[in-house]
Amino acid sequence: LSSCEVFDPSSSAFTMLPTAMCSKRSYACGVAHGGRIFIFGGCDGSTYLSSCEVFDPSSSAFTMLPTAMCSKRSYACGVAHGGRIFIFGGCDGSTYLSSCEVF
């Protein structure tokens, strides 16, 4: 899917965002950093992805980042730390990865 929902803990309700992601993704890695949400990798249903996009809540817009990850990654784990984003492990479609990428 390329849709996105937002959960509001105060009302325990989900709301569909009016805009869709740039590409369909399942099993993607999402990381909040600097007031934006970065979405890394995933799978579009047939291809594992190395692409990255960012969601800006102030404009409700998704933008594809010009630089892709070095490896295709689905099921990866990500964390923001020290002004950077670290993406750990995942699967490239045939191999489980033990590598880490830094954005």
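1. Let me start with Thr 47. Leaving out residues up to four places away in sequence, Thr 47 touches Gly 42 and Lys 72, where contact means heavy atoms within 4.5 Å. Thr 47 sits in the loop between β4 and β5. With a relative accessible area of 33%, Thr 47 is partly exposed; here buried means under 20% relative accessible area, exposed over 50%, and partly exposed in between, with a 1.4 Å probe and protein chains only. Its C-alpha lies 9.3 Å from that of Asp 92, although Thr 47 and Asp 92 are 45 residues apart in sequence.

2. A word on what you are looking at. This is a predicted model, in which local features need pLDDT of at least 70 and side-chain atom pairs count only at pLDDT 80 or more, while totals for chains, interfaces and linings use all residues. Residues are numbered from 1 along each chain as its sequence is written, and side-chain values use heavy atoms, with hydrogens and water left out.

3. Ser 46 is exposed, at a relative accessible area of 64%. Between the C-alpha atoms of Ser 46 and Gly 93 there are 9.6 Å, and 47 residues separate the pair along the chain.

4. Now the overall fold. The protein chain holds 9 strands and 0 helices; helices (H or I, at least four residues) and strands (E, at least two) are DSSP runs, numbered from the N terminus. The radius of gyration is 14 Å, close to the 13 Å that the globule rule gives for 103 residues, so the chain is as compact as a globular protein of that length. That radius is taken over C-alpha atoms, and the globule rule is 2.2 Å times the number of residues to the power 0.38. Along its principal axes, the C-alpha trace spans about 40 × 35 × 25 Å.

5. Of the 103 residues in the protein chain, 31% are buried. Among contacts between residues at least 6 apart in sequence, 35% join residues at least 24 apart. The accessible surface comes to about 6100 Å², and carbon and sulfur atoms account for 57% of it; the areas come from the Shrake-Rupley method with a 1.4 Å probe, and for residues only the protein chains shown count as cover.

6. What makes up the largest nonpolar core? Its 11 residues are Cys 29, Val 31, Phe 38, Phe 40, Cys 52, Val 54, Leu 65, Met 69, Ala 76, Ile 85 and Ile 87. A nonpolar core is a set of buried Ala, Val, Leu, Ile, Met, Phe, Trp, Tyr and Cys residues joined through side-chain atoms within 4.5 Å. At least two residues of this core come from each of β3 (29-33), β4 (36-40), β5 (52-56) and β8 (84-88). A second, separate core of 5 residues includes Leu 17, Ile 39, Phe 55 and Phe 62.

7. Cys 29 deserves a look in the viewer. Not counting residues up to four places away in sequence, Cys 29 touches Phe 38, Ile 39, Phe 40, Ala 76, Cys 77, Gly 78 and Ile 87.

8. Is Arg 73 buried or exposed? Arg 73 is buried, with a relative accessible area of 1%, and lies in the loop between β6 (61-64) and β7 (77-81). Beyond residues up to four places away in sequence, the residues touched by Arg 73 include Gly 41, Gly 42, Leu 49, Ile 87, Phe 88 and Glu 101. Arg 73 and Thr 95 are 22 residues apart in sequence, and their C-alpha atoms are 9.8 Å apart.

9. Two tyrosines are worth checking for backbone geometry. Most residues other than glycine have a negative phi. Tyr 27, however, has a phi near 55 degrees, a positive value. Tyr 27 is found in the loop between β2 (13-16) and β3, and is partly exposed at 49% relative accessible area. Tyr 75 has a positive phi of about 60 degrees. The place of Tyr 75 is in the loop between β6 and β7, where Tyr 75 is partly exposed with a relative accessible area of 47%.

10. Cys 4 lies in the segment before β1 (5-8) and counts as partly exposed at 23% relative accessibility. Setting aside neighbours within four places in sequence, Cys 4 is in contact with Thr 15, Met 16, Leu 17 and Phe 62.
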